Amino acid sequence: MDTEAKDPATVRLHSHVEMGSMELKSILGYDDQGLVAAPEKKDESPLKTLYSSGSGSFEPPLKALYSSGSGTFEPDLKALYTSGSGSYYRRVMKNTVVNSIRTVVFSSRLNLLMPFGPLAIVVDKVTSHHGWVFLLSLLGIIPLAERLGYATEQLACYTGPTVGGLLNATFGNATELIISIYALRNGMIRVVQQSLLGSILSNMLLVLGCAFFAGGLVFSTRPQVFNKPTAAVNSGLLLMAVMGLLFPALLHSTHTELHFGKSELALSRFTSCIMLVAYASYLFFQLKSQRSLYVPVDEGEEIHSDASDDDNEVPEITKCESIIWLTILTAWISVLSEYLVNAIEGASIAMNIPVAFISVILLPIVGNAAEHAGAVMFAMKDKLDITLGVAIGSSTQISMFGIPFCVMVGWSMGVSMDLNFQLFETAVLFITVLVVAFMLQEGTSNYFKGLMLILCYIIVAGSFFVHIDPTAIQDKPPETDD
């Protein structure tokens with residue numbers, strides 16, 4: 001007791017430890033003679049070893065230990081963290097930026113397609129070959145859409161599962177909405193309608209089908225289960241969306257408009273407002289009123305659930321970094337989307353592919369790359385409620401928010417965007433919603449259900465390949481000299 005009281009270095013060390021956390025006590029519990037040495041020697045190497053982490057950042061307990069009452073570092077300790085080439089904080093910032101770029105840009109093999117984006121811009125400036133510009137832009141957007149989904153998942157780790165699912169669906173559809181807005185600016189209403197329709201079909205048939213198929217192969221000995229009431233609510237919203245699209249199409253096809261050319265547009269805008277109100281009510285119902293309805297069902301035994309709790313993902317980037325990357329990726333997707341939209345008509349002529357097939361099949365596959373990868377991954381982990389939230393939730397958001405939102409945006413631009421998707425497209429959507437609703441009514445899934453959904457999507461794709469849009473001039477068959 002006496003020797004310890006007489007040693008000023010030891011007294012100062014213990015007083016600081018009492019102010020710190022329990023982690024410091026375990027760290028300073030090592031008998032490091034450099035820490036308790038006489039002040040005259042000023043041996044800084046052990047301190048540098050102790051207070052330098054692998055990433056070059058302060059540990060919060062150590063930072064609290066070496067803070068004075070005024071909240072500032074002592075001059076000698078501040079000099080300790082200054083290197084000869086620059087300040088410590090500059091090195092920390094540099095390491096943070098490098099680590100963030102390494103994590104987001106270089107962690108996925110799909111990012112090998114990123115150079116195709118700048119290459120599409122170069123080809124457009126040099127040659128103006130619409131076929132190559134469209135193809136290169138399409139390939140360049142694929143990794144950006146996937147990384148946009150990754151950044152959204154990282155941000156969702158800080159917001160909770162319900163809000164995280166909403167963020168996934170929102171930013172997962174950001175690519176389609178950006179492409180639609182650029183197409184509206186160019187007056188390409190049919191491209192907007194067909195790309196949004198194709199996104200719904202792709203999510204409900206291709207994405208959900210691949211997820212059911214992959215999950216069923218991994219868990220082939222038992223059916224996978226999901227929350228049936230949640231699926232029923234989403235199916236009801238999708239049927240409501242079909243009703244909103246069906247009436248303007250019937251009004252136009254039967255020539256029963258009160259004011260020809262005006263009643264159809266007025267009904268579309270009125271219906272869009274109702275659909276937006278319905279979607280806002282759905283968000284309140286999901287996030288506030290009936291949150292217990294959206295609790296995932298137990299998938300497996302208690303041992304399995306305990307194991308899955310241990311597999312909770314830890315975010316790889318911070319919340320601030322996630323927001324910054326979302327901004328950067330969204331801006332870059334916007335740039336490529338402009339080149340993509342401008343090249344659609346020329347690509348249709350150059351590749352002899354109908355614009356309807358490009359809009360309904362090719363564009364949504366690119367835009368849904370993030371949802372596709374995420375839904376399959378969660379299904380293989382036996383988390384079907386998240387899979388349905390991504391696939392069916394995304395379809396619900398596009399049908400109840402994306403389409404009405406584009407109608408409102410077109411209204412503000414002076415573009416006559418309406419809900420008349422033509423009878424052929426509306427009938428395809430209606431049958432698709434019925435097929436998926438029947439698949440979900442049991443609350444279980446297997447690989448055979450997934451295979452049926454995939455085959456249904458192949459039939460839809462073949463139908464649009466031979467479909468000629470009567471309202472699109474560029475879809476007219478070329479004249480022959482024979």
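Helix α8 and helix α9 cross in a left-handed way. Left-handed means that the near helix is turned anticlockwise from the far one by less than a right angle, while clockwise would be right-handed. The model is predicted: local features need pLDDT of at least 70, side-chain atom pairs count only at pLDDT 80 or more, and totals for chains, interfaces and linings use all residues. Residues are numbered from 1 along each chain as its sequence is written, and side-chain values use heavy atoms, with hydrogens and water left out.

**Helix α8 against helix α9**

- Helices (H or I, at least four residues) and strands (E, at least two) are DSSP runs, numbered from the N terminus.
- Helix α8 covers residues 116-126 and helix α9 covers residues 130-156; their axes lie 7 Å apart, at an angle of about 160°.
- That angle makes α8 roughly antiparallel to α9.
- Angles over 145 degrees count as roughly antiparallel, under 35 as roughly parallel, 65 to 115 as roughly perpendicular, and the rest as oblique.
- Axes are lines fitted to C-alpha atoms, for helices over the stretch in contact, and angles run from 0 to 180 degrees between N-to-C directions.
- From α8, Phe-116, Gly-117, Leu-119, Ala-120, Val-123 and Asp-124 meet Trp-132, Val-133, Leu-136, Ser-137, Leu-139 and Gly-140 in α9.
- By class, this contact of α8 with α9 has eight nonpolar, three polar and one charged residues.
- Ala, Val, Leu, Ile, Met, Phe, Trp, Tyr, Cys and Pro count as nonpolar, Asp, Glu, Lys and Arg as charged, and the others, Gly among them, as polar.

- Ser-137 counts as buried, because its relative accessibility is 0%.
- Buried means under 20% relative accessible area, exposed over 50%, and partly exposed in between (1.4 Å probe, protein chains only).
- Setting aside residues up to four places away in sequence, Ser-137 touches Ala-120, Leu-336, Tyr-339 and Leu-340.
- A contact here means heavy atoms within 4.5 Å.

**Helix α18 against helix α22**

- The axes of α18 (residues 355-367) and α22 (residues 447-465) come within 7 Å and cross at roughly 145°.
- This crossing of α18 and α22 is left-handed too.
- The contact of α18 with α22 has nine nonpolar, no polar and no charged residues.
- Ala-356, Phe-357, Val-360, Ile-361 and Ile-365 of α18 meet Tyr-457, Ala-461, Phe-464 and Phe-465 of α22.

**Salt bridges**

- Side chains of opposite charge can pair when their charged atoms come close.
- The count is three salt bridges, each a side-chain nitrogen of Lys or Arg within 4 Å of a carboxyl oxygen of Asp or Glu.
- Arg-190 pairs with Glu-425, with the closest N and O atoms 2.8 Å apart.
- Arg-190 sits in helix α12 (residues 189-218) and Glu-425 in helix α21 (residues 422-440), 235 residues apart.
- Arg-190 and Glu-425 are both buried.
- Asp-382 pairs with Arg-222, with the closest N and O atoms 2.5 Å apart.
- Asp-382 lies in the loop between α19 and α20 and Arg-222 in the loop between α12 and β1, so the pair ties together parts 160 residues apart in sequence.
- Asp-382 is buried at 1% relative accessible area, whereas Arg-222 is partly exposed at 31%.
- Lys-449 and Glu-442 meet at 3.3 Å, N to O.
- Lys-449 is buried at 9% relative accessibility, whereas Glu-442 is exposed at 52%.

**Glu-442 and its surroundings**

- Glu-442 lies in the loop between α21 and β2 (444-445).
- Leaving aside neighbours within four places in sequence, Glu-442 is in contact with Lys-228 and Lys-449.
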